[in-house]
Amino acid sequence: MSSSLALYVHMPWCVRKCPYCDFNSHQLKSAQPDGSYIDALIRDFEIEAPRVADRRIDSVFFGGGTPSLFQPEEFARLLTALKERIAFADDVEITLEANPGTIERGRFSGYAQAGINRVSLGAQSFDERALKVLGRIHCAQDTHRAVEELRAAKLDNFNLDLMYALPQQTLEEAQIDVRTACSLGPSHISYYQLTLEPGTVFHSRPPALPDEDAAWHIQTAGQQLLAEAGYAQYEVSAYAKDGARCRHNLNYWLFGDYVGLGAGAHGKISLGSPMRILRTTKPKQPREYQDQIRRAQDSVGDSSFVAAADLPFEFMLNALRLNDGFRRDCYEGRTGLALEMLDQQLVRARDRGLLEPIKMGWRPTELGRRFLNDLQASFLSQEPV
């Protein structure tokens, strides 16, 4: 088991919840979040620390909500406290999610001074009508201005989030979005389809979306434009320039370990010998989370070990999202199971044209990536072996 570790920190507030969003986010009732949440995050890590003694943080991701509602000084205080409690890699990747509508002039310079070295900017679209329908608080010009601020702060390693198959979106409109995103020169682009998730406003009152064939044409046209602009697809919705793949997300997709801090955060830690995998979940409501932190001695939220029978599916649910697939040693090192136990499922998927063998491992074919859900489901524990 590697000593490296990822850290996810959830900042649960936003200015206004978007109608498509199913993340754990809560509308902020004040001008800015209370600094006491930073104290809770520090205490949360102190409680988690015994599980990850002698490990090293290789990546940090501040997600939300809208983490950019917090001041740079609060990130500096948090990161300083964490570095006093666990080792950080010299080249640690520290990503901040940011909403273009919450960035004041000079704010990114403050984030860079605090230790942030990668930013994920939620552009979503550059079409004003689409942004309004999506409930975004920013306009297209805000994204252009935020990129200028990133450049001024020398934060050149940034991602743009871009959605497609938006309400009433045409192929031409989608292509304009991709071309505009590429013209801003991000090192990484997340390009993903709008889906109607349970519990969201869009799920209860669905907007008119492009049909399945139209969405497929939009997707493939966008992928071609991204490839022509030098963005190589390496995961279902991730495209990067050379050397700019997101290390934090790669850790998820390769079934690595991560500590989850904050309201609603999830974690995954490998423990003991023989290895067992512990999953943790923190309370979703910020007030309940902070109340539990104040009272806690040795645990916060819920935790449970993953059953051995579920490990193959959990691994494949992540690793098969990668165009490059996975290596045998990665599967065996991170599940504690022999890959030979899956020979029948692997051969069956190969015979269906969904998987292909590579040196020391397997990867999804183009057909397998298109029918990824079917491929992943073939590794469910109730499948015959």
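Is glutamate 197 buried, exposed or partly exposed, and what is its relative accessibility? I found that glutamate 197 counts as partly exposed because its relative accessibility is 27%, where buried means under 20% relative accessible area, exposed over 50% and partly exposed in between, with a 1.4 Å probe and protein chains only.

I noted that this is a predicted model, in which local features need pLDDT of at least 70 and side-chain atom pairs count only at pLDDT 80 or more, while totals for chains, interfaces and linings use all residues. Residues are numbered from 1 along each chain as its sequence is written, and side-chain values use heavy atoms, with hydrogens and water left out.

**Entry on glutamate 197.** I placed glutamate 197 in the loop between β8 and α7 (201–204); helices (H or I, at least four residues) and strands (E, at least two) are DSSP runs, numbered from the N terminus. Leaving aside neighbours within four places in sequence, I saw glutamate 197 in contact (heavy atoms within 4.5 Å) with Asp22 and His203. I also looked up threonine 102, 95 residues apart from glutamate 197 along the chain, and the C-alpha atoms of the two are separated by 25 Å.

**Entry on serine 187.** I located serine 187 in the loop between α6 (171–183) and β8 (188–193), and with a relative accessible area of 11% serine 187 is buried. Not counting residues up to four places away in sequence, serine 187 touches Asp156, Asn157, Phe158, Tyr231, Ala240, Lys241 and Ala244.

**Entry on the strands.** I followed strand β12 (residues 266–271), which runs antiparallel to strand β13 (residues 276–281) and is joined to β13 by 6 bridges; two strands pair if DSSP finds at least two bridges between them. Lysine 268 stands opposite arginine 279 in β13, and the bridge partner of arginine 279 in β14 is serine 304. The hairpin of β12 and β13 has 4 residues between the strands, and in it glycine 272 takes a positive phi near 75 degrees.

I then turned to an open sheet of 3 strands, in the order β15-β17-β16 with antiparallel pairing, whose edge strands, β15 (326–327) and β16 (355–358), each pair on one side only. Helix α13 (residues 343–351) packs on this sheet, touching β16 and β17, and its direction makes about 115 degrees with that of β16; axes are lines fitted to C-alpha atoms, for helices over the stretch in contact, and angles run from 0 to 180 degrees between N-to-C directions. Isoleucine 358 stands opposite glycine 361 in β17.
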